[in-house]
Amino acid sequence: MIRLQILFWYFITAASAVHYECLPYPVDSVCRIEYISYHSGDKITFPKGYQQFLIKSSLSSKLERSNISIFDHDLYDAMHRPSSVRMRDTGINTLDMPPELLLGDFSDNRLVSVNTSNEDNFQITYLDLSFNWLDNIEFVSRLVNMETLFLRSNRIKIVPRSALTPLKQLKYLYLQYNQFAAIPWNDIPHSVMFLDCSHSVVRMAEFTDISLPSLEYLNLQYNMLSSINVSDLLLAAPKLKEAHLYNTEIEWPKLMDELALNNISTSNLFQFCSLDKGYTVILGVCTPPPSMYYVRVAKKVLLWIVAIGSGVLCVCTLLFAIRHMKKLRWI
């Protein structure tokens with residue numbers, strides 16, 4: 001009797017599970033689905049035989065956006081443990097990192113927490129968590145196989161030293177558009193080749209006794225830096241090929257010349273600003289000298305006067321012609 005009850009409840013549960021099918025996709029190993037609804041405890045099933053899952057709404061689709069509150073182990077198991085998962089703009093606020101996952105894209109969601117608290121050895125090498133609500137990134141210290149990490153446009157106010165040190169294989173680190181004021185330079189892994197910390201509130205970049213032996217690309221522009229010692233930077237990063245260091249408080253033309261002398265490419269944000277003709281860069285704006293400014297204003301005023309005068313003359317000519325035609329008709 002008990003066995004019959006168990007079988008009955010098993011079939012009832014199986015029947016109530018929501019099953020999602022994959023849409024046609026050019027790559028056979030990819031399961032593409034435009035809409036999923038999932039919350040912890042929901043019964044959900046997917047087709048077998050896919051190594052990659054792509055959950056993303058289509059602009060042409062009439063379906064509403066996916067509603068997934070949590071990516072947990074039950075949801076990952078229902079997908080049959082794929083090696084790659086891409087779930088963008090699906091509403092996720094909690095991510096339980098699966099140990100077997102190799103590539104994960106959970107950008108443009110509402111993530112506030114990522115759980116890596118279990119004792120598993122995480123295999124993930126590529127992780128995109130851009131455009132979320134994360135303010136604590138201590139969890140990344142467990143992802144020791146990470147090579148590419150996107151944390152752009154979150155709410156990160158502190159980059160913990162302990163978070164980066166264990167990532168011995170990290171090569172690409174994206175931290176731009178956050179709120180941290182300091183970078184733990186001594187704890188940046190020696191393997192890092194690409195580092196973007198632009199558009200934040202970094203106040204100091206001191207490279208004395210710092211070692212970044214693999215660094216080839218560095219972006220620190222649009223922070224709150226008042227100085228950067230290029231000589232110290234080049235000693236710290238001997239392989240540096242490209243650096244973007246513009247900050248409003250730094251004497252940019254001089255810094256740009258130093259980079260050019262050392263064959264470091266950079267973006268000239270003011271290439272149309274003729275510095276040799278008296279122009280200066282003030283708070284990121286190409287500004288002419290006062291004398292040239294007044295000349296330009298006078299020219300604009302004169303052009304306006306000519307334009308208005310021409311318009312008035314045309315109107316007067318038209319009125320005169322109309323009046324003359326009326327007189328001729330009256331005669």
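Trainee: Between which two elements does the loop that holds Ser153 lie?
Mentor: This is a predicted model, in which local features need pLDDT of at least 70, side-chain atom pairs count only at pLDDT 80 or more, and totals for chains, interfaces and linings use all residues. Residues are numbered from 1 along each chain as its sequence is written, and side-chain values use heavy atoms, with hydrogens and water left out. Elements are DSSP runs numbered from the N terminus: helices (H or I, at least four residues) and strands (E, at least two). The loop of Ser153 lies between E13 and helix H3 (161–164).

Trainee: What is the phi of Ser153?
Mentor: Most residues other than glycine have a negative phi. Ser153 is a residue other than glycine with a positive value, near 55 degrees.

Trainee: Is Ser153 buried or exposed?
Mentor: Buried means under 20% relative accessible area, exposed over 50%, and partly exposed in between (1.4 Å probe, protein chains only). The relative accessibility of Ser153 is 16%, so the residue counts as buried.

Trainee: Which loop holds Asp89, and what is the relative accessible area of this residue?
Mentor: Asp89 is in the loop between strand E8 (84–87) and E9. Its phi is positive, near 55 degrees, in a residue other than glycine. Asp89 is partly exposed, and its relative accessible area is 22%.

Trainee: Which residue forms a stacked aromatic pair with Phe150?
Mentor: Rings of Phe, Tyr and Trp (its six-membered ring) pair if their centres lie within 6.5 Å; planes under 30 degrees apart count as stacked, over 60 as edge-to-face and the rest as tilted. By this rule there are 13 aromatic pairs. In the stacked pair of Phe150, the centres are 4.1 Å apart and the planes make 10 degrees, and the partner is Tyr174.

Trainee: How many residues apart are Phe150 and Tyr174?
Mentor: Phe150 belongs to strand E13 (residues 148–150) and Tyr174 to strand E14 (residues 172–174). Both residues are buried, and ring pairs link them into a cluster that also includes Tyr126, Tyr172, Phe194 and Tyr217. Phe150 and Tyr174 come from distant parts of the chain, 24 residues apart.

Trainee: Which residue of E10 is the bridge partner of Arg86?
Mentor: E8 and strand E10 (residues 103–105) run parallel and are joined by 3 bridges. The partner of Arg86 in E10 is Asp105.

Trainee: What is the torsion about the S-S bond of Cys22 and Cys31?
Mentor: A disulfide is a pair of cysteine sulfur atoms within 2.5 Å, and the count by this rule is 1. The sulfur atoms of Cys22 and Cys31 are 2.0 Å apart, and Cys31 is buried at 0% relative accessibility. The disulfide is left-handed because its torsion is about -95 degrees.

Trainee: What is the area of the nonpolar surface patch that includes Val315?
Mentor: Accessible areas come from the Shrake-Rupley method with a 1.4 Å probe, and for residues only the protein chains shown count as cover. Val315 lies in helix H6 (residues 290–330) and is partly exposed at 47% relative accessibility. With Leu318, Leu319 and Ile322, Val315 makes a patch of about 370 Å².

Key
Patch = residues over 30% accessible without salt bridge, like charges linked within 9 Å, V, L, I, M, F, W, Y side chains within 5 Å. Salt bridge = Lys/Arg side-chain N within 4 Å of Asp/Glu carboxyl O. Pairing = 2+ DSSP bridges.
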